[in-house]
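Please look over the sequence and the three-dimensional structure shown here before reading further. The paragraphs below then lead from single residues to the whole chain.

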Amino acid sequence: MTEATNFIEQIINDELSTGKVNAVQTRFPPEPNGYLHIGHAKSLCINFGMKDKYNGKCNLFLDDTNPSKEKEEFVEAIKKDIEWLGFEWDKITYASDYYDDIYAFAEKEIMLGNAFVCDMTPEEISKNRGTLTEAGKESPYRNRTVEENLKLFREMRDGKYADGSKCLRVKIDMASPNINMRDPVIYRILREHHYRAGDKWCIYPMYDFAHPICDYMQGVTHSICTLEFEDHRPLYDWVGITLGFNPKPRQIEFARLNVTNLVMSKRYLKKLVEDGSVDGWDDPRMPTLTGLRNRGVPAEALKDFCARIGVAKANSEVQISYLEACIREYLNIHAERAMAVLKPLKVTITNYEGSEELDFDINPNDENKPTRKITFSKNIYIDADDFSLCPPPKYHRLKIDGVVRLKNAYIIKCDEVIYNEDGTAKELLCSYYPDSKSGSDTSGIKAKGVIQWVNAEDAVDIKIRKYGYLLKDEEYSGQDFSERMNKESVTEFNGKVEPYFMTADENKAFQFLRTGYFKKLTIKSGEIASEIVSLKDNFNK
RNA sequence: AGGGGUGUCGCCAAGCGGUAAGGCACUGGAUUUUGAUUCCAGCAUUCGUAAGUUCGAAUCUUGCCACCCCUGCCA
């Protein structure tokens, strides 16, 4: 037993110490009807976290009991996303793999006298369910004999009845204050092709019946789900008890993740993909795991985020700045550095001839202090925003007659500005101080600012896209699918970067460019950074 | 209205009868060849609220208030 860090672990610890359970097994149970999003990451971390913490097991369980919504494409995407996060499931299981077992358990409920075939229409059932304050009415078919129920149920299975004309219900209590216990439907007739089971079945089990059975069949000890299933727990337990499950899995509920400004409704995300509002589930603006990955969010940062927000039962909404902090923290430690200018401004070092190779720290946080060579010459570019014609107070970067340090190189002084017709700076003529070289500066000159630069001759053109997130409207209610994309924040920049960027692992190099965390990561120095990025600026608007 | 939940700093969140952890955010200040990072300091006399029990309560009891979920043959 290990120290508990949240209420779920406390429960498990208690059960372990009292001997109620002696091993832990969980499952991550998505329905393959869409892509995983950041909310699933929390569930993933909790479920696989238990596996790691208690040296237990965790299956990837695809809860596919509704053939009209599920697709193979989604299970492949789900697997890929989980792998990306670095979790390893013990087994992949599907509710559809247990259809025979679930069917057998349904017959068992019938034989136990616990279930009956009901001929009422969905409308009638709904009408007879009662209300929150009034008890429901019992179905007139509730007292059919076991033999008749069995015969009817088998005929349902064999396709004798039309979709919706009959269903299998369980006999609990139509007067229960918990509406889920008012003789819930556990099997329905549905002639729909199942992406895995094909056309073998024309009846499908409902979640409330299938889930406890699948958990039990897999040996799940703790079935962790979200808060809205709390009301279903009595039914979950009822199924386990009537069917004699031993040991019976225990359902534990936690509060789902909400992040300020992020749309997390699968239904809405699906709509955006289908109507072309985004390029797909993997569009960087999407809060899906694949979208986040394309945005450049490291898997480790996402897991760190999930670990840090904790697990509890209080409905909450985490500020996106927390997620950003986790990403920044990870990237600051791991991201390889390079210099880039997003708005190139030509600079000529008038008193410099030839070229030389300078050492550049790839990652100052790396103990091994890896470096690489960059070329310095007479012609370079700096960022237009690192130069100011009318600098505000405390402006530390380049201005006329002012000095600034070119990162990893020399201190330069701006002697002259060549203007465009509109009065903006077109080119700067600067002089450098030969004895101010980084690492061996004996010039005694104090340059308060340090700016990035790229060598004109070998700089590479880049185009950077900065993405906002899909934003939530104040009025967002889930019904209105009007334009809600934060399109303004999809901005393109044309700039230049050191050739290093392009020759190295491009994907990794652009990781932090794509994230939009320049400011804290220092791809660019100076104010331009804040002007360019920090995703949070997009949210504060 | 019936049932099920939840209320601790702007946002998460520990705490489980012995006198309010931590993180994010924010505010000062120091270091810094990334105005980043790092660093140090500050940030709930109070735990939805009102009573009660107790030497002692965020923790126990009771009443009240607020918010979330539930009337699919979705999950």
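**A guided reading of the model**

Phenylalanine 493 is buried, because its relative accessible area is 17%, and buried means under 20% relative accessible area, exposed over 50%, and partly exposed in between (1.4 Å probe, protein chains only). The model in which this residue is seen is predicted: local features need pLDDT of at least 70, side-chain atom pairs count only at pLDDT 80 or more, and totals for chains, interfaces and linings use all residues. Residues are numbered from 1 along each chain as its sequence is written, chains are lettered from A and ligands numbered from 1 in the order in which they are written, and side-chain values use heavy atoms, with hydrogens and water left out.

Phenylalanine 493 belongs to strand 23, which covers residues 491-497; helices (H or I, at least four residues) and strands (E, at least two) are DSSP runs, numbered from the N terminus.

Another strand, strand 1, spans residues 25-28 and contains glutamine 25. Is glutamine 25 buried or exposed? Glutamine 25 counts as buried, because its relative accessibility is 11%. Its side chain reaches the backbone oxygen of glycine 219 at 3.2 Å; this is a polar contact, that is, a pair of N or O atoms within 3.5 Å, where within protein one must be able to donate a hydrogen and the other to accept it, and residues adjacent in sequence count only if both atoms are side-chain atoms. Leaving aside residues up to four places away in sequence, glutamine 25 touches Lys57, Asn59, Gln218, Gly219, Val220, Thr221 and His222, where a contact means heavy atoms within 4.5 Å.

Helix 9 runs over residues 266-274, and Tyr268, Leu269 and Leu272 are buried in it. Seen down the helix axis, the buried residues fall within an arc of 100 degrees, so they line one face of helix 9; the arc is that of the directions from the helix axis to the C-beta atoms. The face turned away from this buried side carries the exposed residues Arg267 and Glu274. Just after helix 9, glycine 276 takes a positive phi of about 80 degrees.

The cysteines come next. The structure holds zero disulfides, a disulfide being a pair of cysteine sulfur atoms within 2.5 Å. Cysteine 167 counts as buried at 7% relative accessibility, and cysteine 430 counts as buried at 0%.

Chain A as a whole has 18 helices and 23 strands. Of its 541 residues, 53% are buried. Among contacts in chain A with a separation of 6 or more, 72% join residues 24 or more positions apart.

Chain A averages a pLDDT of 87, and 87% of the residues score at least 70. Over residues 504-541, however, the pLDDT is below 50, although this stretch has 102 contacts in the model beyond near neighbours in sequence. Where pLDDT is low, the predicted coordinates should not be read in detail.

Methods:
pLDDT = per-residue confidence, 0-100.
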